[in-house]
Amino acid sequence: MTTGRPQGTGLLEVDGLTAGYGAAPVLHDVDLTVGAGRIVAVLGANGAGKTTLLRTISGLLPAAAGRITFDGVDLRGVKVERMVRHGIAHVPEGRGVVTELTVDENLRLGNLWRRRPKKRGGLDEIYDLFPALAGRKNHLGHQLSGGERQMLAIGRALAARPRLLLLDEPSLGLAPKLTAQILGLLRDLRDRTGLAVLLVEQNVRSALSIADEGVVLNLGRIAARERADKLAGDADLRHAYLGF
Amino acid sequence: MTILQDATKTKDHQKSPPKSTPLLLVIAGAIIVVALTYVLPPFRNYQLATIGAYFCVTAGLTVLTGLNGQLSLGHGALMATGAYTLALWQNKFDLLLPGIALAVLVTTVVGGIIGLAAARLRGPYLAGLTLAVAVVVPSITSTFDKTFNSDQGLSVALDPPPGVIPVEQWQAWLCWAGALLTVLVLAYLVRGRFGRDLRAVRDDETAAKLAGVGVARTQVMAFVVSAACAGLAGALFAVLAQSVSPGAFPLTLSLFLLMAIVIGGLGRLTGALIGAVLLVALPSVAQSIAEDAGSQHLEGNLALTFFGVVLVLVMLAAPGGLAALKFPRRSRRQKG
Amino acid sequence: MDRFLYLTFDGLSRGAVYAAFALALVLIWRAARIVNFAQGAMAVATAYAGYSVADATGSYWLGFLVAVTGGLVLGAVVERVVMRFVDHSSPLNGVVVALGLVLIIQGVLGMIYGDGYRPAPAPFSRDAFEIGGIAILSRYDLFVFAAVGAVVVLLTLLFTRTATGLRMRAAAFAPDVSRLLGVPVGGMLTLGWALAAAVGSLAGMLVLPTELGLHPNAMDLLFVSAFTAAVVGGLDSPVGAVVGGLVVGLLLAYVGGYLGATVAPMAVLVLLVVVLLGRPDGLFARAKARTA
């Protein structure tokens, strides 16, 4: 039953969130739900508050008002470095590959949060997902191409075995083919493992092609929230907020 | 374009010069000092003289660090240069005023050389280089011990003051003449184009360059000016102590000077005066505490500790550290 | 030739100490982008503690242990209590605060121990024994090589082979990203300061028996030499710090041996100036690229 409306039983629940930098809030009264195994695309023009939303959820920015709960846990007061323990992985804008470390070291960082080495598990799975990385294990981050860095950043986030992936602009600077490949991979992961994804994307068409639901942010407020296929077909909305 | 706008914005934040002219303030200062020397006992006059000597160098450092953003830990060594120059001159010719002028000149040249290097260095590299100067330069007195007489140092031949003026009073006049002259010159310098260039380079080198300011030239000039002040202060210290030795110009002296200008509020000549007063007053207070406690270990070290604590606290209390002290009204930019 | 050999080994022995001290500077620079100008004073403080314990118990090794552990603690305290609260928008802020710490430490040491020199005996003989008729190395030199060698090996293992080392490197290079990956960045910074201060304290203990003795200012020249070593090697490079340390050690030994001991400090200053001016931006280039 997909009505496109939040049911209030999601994995991630954002209620009345107001947040931003300093005194001037960027986000106003944002409500959002991401259910387990669902991909929600956050769409909107530059400066609409998409990145701010992700950064506030993962604790990089404080929330001025509102609630964020993840699997019933109130995330306010959870430190950034503990988010990953709760099952949230955030791939920041600009990819966030540690360019001074090797590919393998970057990936190892992904599951280093587990204290017991035995529980960390191997990285073979990740290398299977991204065969391009397997051949470059010992290359430094800054030697990689843009696409490889994106794969590495996503691979590293997946190595943490999260339940929710916050993904900021994965298509930035990538060739369309590569973007499609990465988005396809996300869809497979969702189907296979029940991974939930909150996807911020400029490339509206590709984002809606894999998302279950789309949320349109305009000037920091939710302007629309629809099933992805419906949103893609709504010409008025598209013209008003998405520019195509 | 945005850079240029930023630069103009920063300039707007600078205080417009107060209306009272420096000349009037300096004349007033001179009258007060001369009057004071007639009422103060000799030891207080000696302290007053020491404040004047310190004021010369803190005023120069204020221009360098406060207005131009260059950190020097080498000014103790520059003071030593001035002091030794005067000592060597006095022991040959015994003409005080030309000797002081020569001390300033020699120190200016040395400062120019360091400044040439400094203009190419930033942040910790400049601090490290000037620290090395402060630590290493005293050892020159041992390398050329025939001239400088190693750790013993040199005595400074001085004529007694003219007439029946007590030595301490005469010293106070001399030091404050130097200090007020220094401040007068600096005050007019920093009001003009030079001052604008100093601030422009400090705030944003790229913007300054785009606005046609010679960045390296301005930085070297700042160093030269502050070195001249340090040379004068060094010469005055030689007169005050009537001797010079490497032990009088340790690294600690440079650190004290830094503390003085930071506490005084970087970038203001009045702050340099406050710093100079503290440099004399705090050790004096500490010493009387130490004497009351009857502990030799406390002497000197109490002041050292106190200076350190104050320096750290001031830096931690001022949000933005040095920058906040420099631009008290500037709001910190938010990252977007 | 004998003299040259002697000076070479003497230089390498000193150089090993400078290398260790430079490594301490590099560790903090990499972790926090601060040149710890208080490193020398901190090392003096722990050396006083170490020799106090050694005097009281009669055991040099207990004192040595106290000095190094003391460094660990002092480094952590300095980071947690002071450096963490320094505004890092200008690199000068950290420098000035560190210099304030120098004043505090030297003042407190002077109040407790006085300003005189206190003897700092070596645990092994410093008389060179003869190899093939040439006196080149003392047992103490061998101890220095072994100690510094152990430090270098242990640090290398820590940073390249352990999870903590990987966390420390990641936290230093990319704090925000590391935080998102669950790395306790603040803790790694404290650990970095602690380790660096311990290494600095070790270097201080090693250098003292070869100097005039314990004194609140005893490490000023060591700091300058080690800073020069670190700059020669590039502040970002641990390998460079070790190489730079040996270079500075050899330079000091040759200049001191052939031109006179009082000239040696000048030689360090000249080397520092030449390196700084020879590569005015080269030394800074990587750091700039990184923070951009």
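**Close-ups of a predicted model**

View 1. Buried residues account for 48% of the 244 residues in chain A. Keep in mind that this is a predicted model. Its C-alpha trace in chain A spans about 50 × 40 × 40 Å along the principal axes.

**View 2. The fold of chain A.** Here you can pick out 11 helices and 10 strands in chain A. If you take the contacts in chain A between residues at least 6 apart in sequence, 70% of them join residues at least 24 apart.

**View 3. Confidence along chain A.** Mean pLDDT for chain A comes out at 86, with 94% of its residues at 70 or more. Among the elements of chain A, strand β8 (residues 196-200) has the highest mean pLDDT, 94, while helix α11 (residues 235-242) has the lowest, 72.

**View 4. Where chain C meets chain B.** Each partner puts in its share: 43 residues from chain C and 43 residues from chain B. On the side of chain C that touches chain B, the elements giving two or more residues are α4 (91-113), α9 (220-233) and α11 (264-278) of chain C. The largest share of that side, 17 residues, comes from α4(C). By class, this side of chain C has 32 nonpolar, nine polar and two charged residues.

Technical notes
Residues are numbered from 1 along each chain as its sequence is written. Chains are lettered from A and ligands numbered from 1 in the order in which they are written. This is a predicted model: local features need pLDDT of at least 70, side-chain atom pairs count only at pLDDT 80 or more; totals for chains, interfaces and linings use all residues. pLDDT is the predictor's confidence in each residue, from 0 to 100. Helices (H or I, at least four residues) and strands (E, at least two) are DSSP runs, numbered from the N terminus. A residue is buried if 20 or more other C-beta atoms lie within 10 Å of its own, exposed if 12 or fewer, and partly exposed in between; C-beta atoms are placed from the backbone. Two residues are in contact if their C-beta atoms, placed from the backbone, lie within 7 Å. Ala, Val, Leu, Ile, Met, Phe, Trp, Tyr, Cys and Pro count as nonpolar, Asp, Glu, Lys and Arg as charged, and the others, Gly among them, as polar.
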